[in-house]
Amino acid sequence: MRPFRFIVAGMVLTFTGARAQPYPANLFHEMQWRMIGPFRGGRTVAISGVPAQPGTFYMAANNGGVWKSTDYGRVWTPIFDGHATGSIGALAVAPSDPEVVYVGSGEGLQRPDLSTGDGMFRSINGGGTWSYLGLPDAQQISAIIVDPTDSRRLFVAVLGHPYGPNAERGVFRSIDGGGNWEKVLYKDENTGAVDLAFDPVNARTVYAVLWAARQMPWEIGGSFNGPGSGLFRSTDGGSTWEPLTKGLPTIAEGLGRIGIATALSNPNRMYALVDASPTRGGLYKSNDAGVSWNRVNSEARIWGRGGDFAGVRVDPRNPDIVYVANTSTYRSFDGGKTFTAIKGAPGGDDYHTIWINPTNANVIELGSDQGATISVNGGRTWSSWYNQPTAQFYHVITDNRFPYWVYGGQQESGSAGVASRSDYGEITFRDWHPVSVEEYGYVAPDPKDPDVFFSGSNNGGFLERLNRRTNQSREVNPYPRMFSGEPSSALKERWQWTFPVIFSPADNKTLYTSSQHLWRTTTGGQTWDRISGDL
């Protein structure tokens, strides 16, 4: 019989069977999943520490569930296994009761390829057990805030379906710990909520950000912002809302996602990281609790790619110390006028969110495409990301060697390959090897040569052939590449973020790939034939 392998990111299970058919429930009960790695963090946008327990932190990976550390990030333990979803976009610890933790599922992002969730969850024992709280059609939950004095009063920002309209989106409020939900801020079926904040001295005042955005099936030129985005404020506990627009960009000026932060030491001070046209995007500051705004920094490095990054936070002691998360993490000591990078690659290259201990500003946690990392000295040194096996893999495949190898692309961390067994008793992070330079798409091992690989990426149909014996690679694209700077009208081929690359099981010389057309090569990518119309 032919071996069948069931693969989950980081794990492999192998068994044999003649064909897919019903089987006795106890047939495989003695078989167990085993961890094969890789032992490094994956994309994380949901984090929190516990001020009253300075060594305790939570992180929730976009495709890795919820994890907890009680020793400043030295060891992370999974606490959400067994639930129907492992995709998390928001996490909050109740300030008045650190045993109460809320989790919102779905990646909470707008991206070409993502995982959606099935609603809200709560733990009342620090993550020991979880209960389901509903909002099943939210798909993407981006933010959660909990009343500082009441662990049962919370607000949830629901971004909604990434690829189409739905009604279960906007801002939801619960006053009974998630037992019941009331939709308190809603624009329309195309506009979701993406960020929330309390006034630091009055939890009756709530700020919320709405964002109208949509993803298309192809990546280049395949996403857009629509009308409906903006910043809103409620002064009656979320029952009624008013738009805050004075000084901020308009829809006509390309307004997209906004990230917001309030200053604990000065309730009138607010910051907003605003995605808009190049002449209007940037960091904005308010000194009157959001009524009016002034742009204080227009540097693209802190606000560029605003649909991906909008993290801004304020030092709890000094309203002029501002942190911004982007491709690096930046800090300003002058109210946002100038910034210095304090954390970047290696060890992280896309930063999404920042948590600062309100009682000790030297304790900082970051959520990035390489997991969670913690500093206890104001950003001078950081904990490792090689202790969080939360890698986000878009696709995985095996070859036919013995022992067989497993390959895939880890989001923002390159491709990876590993033998399914080790000569040293266990598989460690030293056993993983890159098999191409990109990380978003398929890896196709050549069935004729175990050291030759083909792999694709999101960058306009980039396809590469790698020979591991020589470590030489070359492009074998079936069509001239298009780049994100080109207008969508110029796109002749529409490449999906993780476009397929796979060898034929019937002919080991034939490799297929696909834009909106199907392409075939029998010459290792030297020549290609387009074999379909527009699919």
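Biologist: Between which two strands is the loop that holds threonine 498?
Modeller: Residues are numbered from 1 along each chain as its sequence is written, and side-chain values use heavy atoms, leaving out hydrogens and water. Helices (H or I, at least four residues) and strands (E, at least two) are DSSP runs, numbered from the N terminus. The loop with threonine 498 runs between strand S38 (472–475) and strand S39 (501–503).

Biologist: Is threonine 498 buried or exposed?
Modeller: Buried means under 20% relative accessible area, exposed means over 50%, and partly exposed is in between (1.4 Å probe, protein chains only). Threonine 498 has a relative accessible area of 8%, so it is buried.

Biologist: Which side chain does threonine 498 join in a polar contact?
Modeller: A polar contact is a pair of N or O atoms within 3.5 Å; within protein, one must be able to donate a hydrogen and the other to accept it, and residues adjacent in sequence count only if both atoms are side-chain atoms. For threonine 498 the distance is 3.4 Å, and the partner is histidine 395.

Biologist: How many bridges pair S37 with S38?
Modeller: Two strands pair if DSSP finds at least two bridges between them. These two form a hairpin with four residues between them, and asparagine 471 in the turn has a positive phi of about 60°. Glutamate 464 stands opposite glutamate 475 in S38. The pairing is antiparallel, and the bridges number four.

Biologist: Why is strand S37 largely enclosed by the rest of the structure?
Modeller: On another side, strand S36 (residues 452–456) joins S37 through five antiparallel bridges. In that pair, valine 452 has asparagine 467 as its bridge partner. S37 (residues 463–467) is largely enclosed because, of its five residues, the buried ones number four.

Biologist: Which glutamate side chain joins glutamine 392 in a polar contact?
Modeller: Glutamine 392 lies in the loop between strand S31 (371–375) and strand S32 (393–398). Its relative accessible area is 3%, so glutamine 392 is buried. Leaving out residues up to four places away in sequence, its contacts (heavy atoms within 4.5 Å) include Asn62, Glu107 and Gln410. The polar contact spans 2.9 Å, and the partner is glutamate 107.

Biologist: Which threonine side chain joins aspartate 188 in a polar contact?
Modeller: Aspartate 188 sits in the loop between strand S15 (182–185) and S16. With a relative accessible area of 27%, aspartate 188 is partly exposed. Its side chain reaches the backbone nitrogen of asparagine 190 at 2.8 Å. A side-chain polar contact of 2.9 Å goes to threonine 191.

Biologist: In S5, which residue is the bridge partner of isoleucine 47?
Modeller: Strand S4 (44–49) is an edge strand, pairing on one side only. S4 and strand S5 (residues 57–61) are antiparallel, over five bridges. The partner of isoleucine 47 is methionine 59.

Biologist: Over which residues is the pLDDT below 50?
Modeller: For the protein, the mean pLDDT is 89, and 91% of residues reach 70 or more. Where pLDDT is low, the predicted coordinates should not be read in detail. The stretch below 50 is residues 1–18.

Conventions: Predicted model: local features only at pLDDT ≥ 70, side-chain atom pairs only at ≥ 80, totals over all residues. pLDDT = per-residue confidence, 0-100.
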